[in-house]
Amino acid sequence: MSADDKIIIADDAVIHPDDLHEDFIRSSGPGGQNVNKVATAVQLRFDAANAPGLSEHVRERTIKLAGQRATKDGVIVIEAGRFRTQEQNRADARARLAELVAKAAEPPPPPRKKTRPSKGAVERRLKTKAGRGTIKKLRGRVDDN
């Protein structure tokens with residue numbers, strides 16, 4: 001995936017490359033002596049609040065799903081430093097952003113259908129309860145009469 005490609009997730013969710021801002025920072029992960037010299041980790045910023053490629057409901061859900069990764073201004077910050085190279089971390093950050101927006105673009109699940117137990121099931125349950133109560137009553141003291 002090159003830096004100039006727009007990421008198409010759904011009809012109402014497209015990420016344009018102009019909406020992304022990448023900063024390269026030093027990684028805390030593997031890298032040996034190189035880790036102190038080379039900025040391989042990526043800090044990807046996506047301004048979801050002002051992104052023209054997102055519909056209103058996808059925008060709101062994306063910011064909500066981002067949680068702590070979203071700022072008050074609606075900018076989503078994703079840090080990727082799992083790999084040793086900038087390109088792998090860059091691809092990882094973009095994939096994580098695309099996954100987040102794809103999850104936000106999913107339609108909501110259908111509403112739950114309310115169900116009631118059948119009349120026979122209710123009767124069986126009450127009969128069992130009465131039976132257990134009788135057993136417990138019979139465990140009491142025996143009268144001399």
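Helices (H or I, at least four residues) and strands (E, at least two) are DSSP runs, numbered from the N terminus. On that basis the protein has three helices and five strands. Their order from the N terminus is β-β-β-β-α-β-α-α. This is a predicted model: local features need pLDDT of at least 70, side-chain atom pairs count only at pLDDT 80 or more, and totals for chains, interfaces and linings use all residues. Residues are numbered from 1 along each chain as its sequence is written, and side-chain values use heavy atoms, with hydrogens and water left out.

**Overall form**

- The radius of gyration, taken over C-alpha atoms, is 29 Å, whereas a compact globule of 145 residues would have one near 15 Å. The globule rule is 2.2 Å times the number of residues to the power 0.38.
- The C-alpha trace spans about 95 × 45 × 30 Å along its principal axes.
- Of the 145 residues, 29% count as buried. Buried means under 20% relative accessible area, exposed over 50%, and partly exposed in between (1.4 Å probe, protein chains only).
- The protein exposes about 10900 Å², and carbon and sulfur atoms supply 50% of that area. Accessible areas come from the Shrake-Rupley method with a 1.4 Å probe; for residues, only the protein chains shown count as cover.
- Contact means heavy atoms within 4.5 Å. Among contacts between residues at least 6 apart in sequence, 59% join residues at least 24 apart.

**Helix H2**

- Helix H2 covers residues 86–105, and its end C-alpha atoms are 28 Å apart.
- The buried residues of H2 include Asn89, Arg94, Leu97 and Val101.
- Cover for the buried residues of H2 includes strands S1 (7–10), S2 (13–15), S3 (20–25), S4 (41–47) and S5 (75–80), along with helix H1 (56–66).
- Asn89 lies in H2 and has a relative accessible area of 0%. Leaving out residues up to four places away in sequence, Asn89 touches Thr40, Ala41, Val42, Ala80, Gly81, Arg82 and Phe83.

**Nonpolar core**

- A nonpolar core is a set of buried Ala, Val, Leu, Ile, Met, Phe, Trp, Tyr and Cys residues joined through side-chain atoms within 4.5 Å.
- The largest core has 23 residues; those with the most contacts inside it are Ile15, Phe46, Leu54, Val58, Ile76, Leu97 and Val101.
- S2, S4, H1, S5 and H2 each give two or more residues to this core. H2 supplies the largest share, seven residues.
- Ile15 touches Lys6, Ile7, Ile9, Leu20, Phe46, Leu97 and Val101, not counting residues up to four places away in sequence.

**Salt bridges**

- The structure holds six salt bridges, each a side-chain nitrogen of Lys or Arg within 4 Å of a carboxyl oxygen of Asp or Glu.
- Glu22 pairs with Arg90 in a salt bridge, the closest N and O atoms being 2.7 Å apart. This pair links distant parts of the chain, Glu22 in strand S3 and Arg90 in helix H2, 68 residues apart.
- Glu22 is buried at 17% relative accessible area, whereas Arg90 is partly exposed at 22%.
- Arg90 also forms a salt bridge with Glu87, with closest N and O atoms 3.2 Å apart. Arg90 and Glu87 are three residues apart in H2, about one helical turn. Shared partners join Glu22, Glu87, Arg90 and Arg94 into one network of salt bridges.
- In helix H1, Arg59 and Glu56 are three residues apart, and their salt bridge has closest N and O atoms 3.0 Å apart. Arg59 is buried at 13%; Glu56 is partly exposed at 47%.

How values were computed. The expected span of a helix is 1.5 Å times one less than its number of residues.
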